[in-house]
Amino acid sequence: MEKIFSNTYDGIAILTLDGGWIKVNDIFCDILVYNRDELFNMNIENIVLGKIWL
């Protein structure tokens with residue numbers, strides 16, 4: 001699985017059932033314009049709802 005994460009042009013994220021981050025690749029961070037530390041201090045709802053309502 002690590003090869004998939006590091007050798008792709010697609011953003012990949014694995015999340016918990018409640019929207020917490022388990023693992024994200026560099027492309028995913030680049031797409032969202034957040035670094036890993038920023039992502040791991042929020043959950044997917046912060047990203048999705050924040051982008052829709054801004």
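I worked on a predicted model, in which local features need pLDDT of at least 70 and side-chain atom pairs count only at pLDDT 80 or more, while totals for chains, interfaces and linings use all residues. Residues are numbered from 1 along each chain as its sequence is written, and side-chain values use heavy atoms, with hydrogens and water left out.

I placed I4 in helix α1, residues 2-6 (helices are DSSP runs of H or I with at least four residues, strands runs of E with at least two, numbered from the N terminus). I then turned to N25, which is 21 residues from I4 in sequence and 9.4 Å from I4 in space, C-alpha to C-alpha.

Is N25 buried or exposed? I found that N25 counts as buried, at 3% relative accessibility, and that N25 sits in the loop between β2 (21-24) and α2 (26-32). A polar atom of the N25 side chain lies 2.9 Å from the backbone oxygen of D10. Leaving aside neighbours within four places in sequence, I listed F5, T8, D10, G11, I12 and R36 as in contact with N25 (contact means heavy atoms within 4.5 Å).

For the protein as a whole, I noted 4 helices and 2 strands, running α-β-β-α-α-α from the N terminus on. Buried residues make up 22% of the 54 residues, and the C-alpha trace spans about 35 × 20 × 15 Å along its principal axes.

How values were computed: Buried means under 20% relative accessible area, exposed over 50%, partly exposed in between (1.4 Å probe, protein chains only). A polar contact is a pair of N or O atoms within 3.5 Å; within protein, one must be able to donate a hydrogen and the other to accept it, and residues adjacent in sequence count only if both atoms are side-chain atoms.
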